[in-house]
Amino acid sequence: MTISITQPPQVAWASGQFTNGPLIRKSTRLQNLTHVFMDEKAWLACDPQQIVYDVEMVDSAPIAGALYTGVTHLQPGKVGDEYFMTRGHFHAQREQGEVYYGLRGSGLLLLQDEKGTARLEPVFPGSVHIIPGFTAHRLINTGNDILSALAVWPCAAGHDYAALTQGFNLRVVEEVGRVQLKEYHHD
Ligand SMILES: O=P(O)(O)OC[C@H]1O[C@](O)(CO)[C@@H](O)[C@@H]1O
Ligand SMILES: [Fe+2]
């Protein structure tokens with residue numbers, strides 16, 4: 001009987017980056033985040049090439065039942081007074097959930113159900129987040145360091161950005177040096 005030992009991808013805690021294994025890496029820049037931030041004028045005044053986040057994923061074959069594993073590295077920064085964040089999405093297959101695991105930095109996970117009820121969970125090294133189905137999710141960096149979180153989600157889940165045309169109803173800004181929450185409804 002032959003026993004094979006294969007090196008698994010490995011997350012290096014310090015950077016939260018995979019150190020080996022078949023990886024795909026996707027950078028999202030400010031120019032890619034149209035109509036995401038509240039302050040359109042401030043967004044237009046930013047450097048469009050500024051990287052807001054990188055997602056590094058293990059390139060799993062999307063066969064039935066397979067899972068994607070990825071690390072999102074979200075830069076610290078703001079557009080106007082609104083913290084950098086991911087675009088946020090529902091899953092195309094709404095019932096599909098996702099698990100996030102905080103690796104580095106400090107921030108918030110914004111969760112919003114289809115009725116528009118929003119809630120937040122603090123994200124920090126070791127935090128575990130069970131994102132239920134039918135729930136849009138967005139990562140927000142409220143710290144001064146990179147916020148990195150590992151995510152595991154079904155390959156079948158897909159991403160539905162269009163369902164969030166009204167955006168998220170809760171925004172996170174810095175006011176007088178403090179993290180403040182704001183209700184926000186697109187007009
Ligand atoms: O696709 P978004 O909303 O920009 O989020 C970034 C990434 O975060 C994840 O939810 C987990 O890495 C990915 O599915 C997604 O691509
Ligand atoms: Fe997701």
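Guide: Val 176 lies in the loop between β14 (170-175) and β15 (178-183); the strands (E, at least two residues) and helices (H or I, at least four) are DSSP runs, numbered from the N terminus. The model is predicted, so local features need pLDDT of at least 70 and side-chain atom pairs count only at pLDDT 80 or more, while totals for chains, interfaces and linings use all residues. Residues are numbered from 1 along each chain as its sequence is written, chains are lettered from A and ligands numbered from 1 in the order in which they are written, and side-chain values use heavy atoms, with hydrogens and water left out.

Val 176 has a positive phi near 40 degrees, although this residue is not a glycine. Because its relative accessible area is 79%, Val 176 is exposed; buried means under 20%, exposed over 50%, and partly exposed in between, with a 1.4 Å probe and protein chains only. Phe 134, also not a glycine, has a positive phi of about 60 degrees. Phe 134 belongs to the loop between β11 (128-131) and β12 (135-141), and counts as partly exposed because its relative accessible area is 42%.

Let us turn to the ligand. Ligand 1 has 13 residues around it, of which Tyr 53, Gly 88, His 89, His 159 and Tyr 161 come nearest; a residue is near if one of its heavy atoms lies within 4 Å. The shell comprises 6 nonpolar, 5 polar and 2 charged residues. Here Ala, Val, Leu, Ile, Met, Phe, Trp, Tyr, Cys and Pro count as nonpolar, Asp, Glu, Lys and Arg as charged, and the others, Gly among them, as polar.

The oxygen atoms of ligand 1 meet several side chains. A polar side-chain atom of Thr 72 is 3.1 Å from a ligand oxygen, and a polar side-chain atom of Glu 98 is likewise 3.1 Å from a ligand oxygen. For Tyr 161, a side-chain N or O atom lies 2.5 Å from an oxygen atom of ligand 1. Taken alone, ligand 1 exposes 380 Å², of which the protein buries 94% (Shrake-Rupley method, 1.4 Å probe).

Ligand 1 takes up the space of the largest pocket. Elements giving two or more residues to the shell around ligand 1 are β4 (51-58), β8 (98-104) and β13 (147-154).

How values were computed
Polar contact = N/O pair within 3.5 Å; in protein donor to acceptor, adjacent residues only side chain to side chain. 1 Å grid on protein atoms, 1.4 Å probe; cavity = no way out; pocket = protein on both sides within 12 Å on 5 of 7 lines; lining within 4 Å. Sits in = over half its atoms within 2 Å of the grid points.
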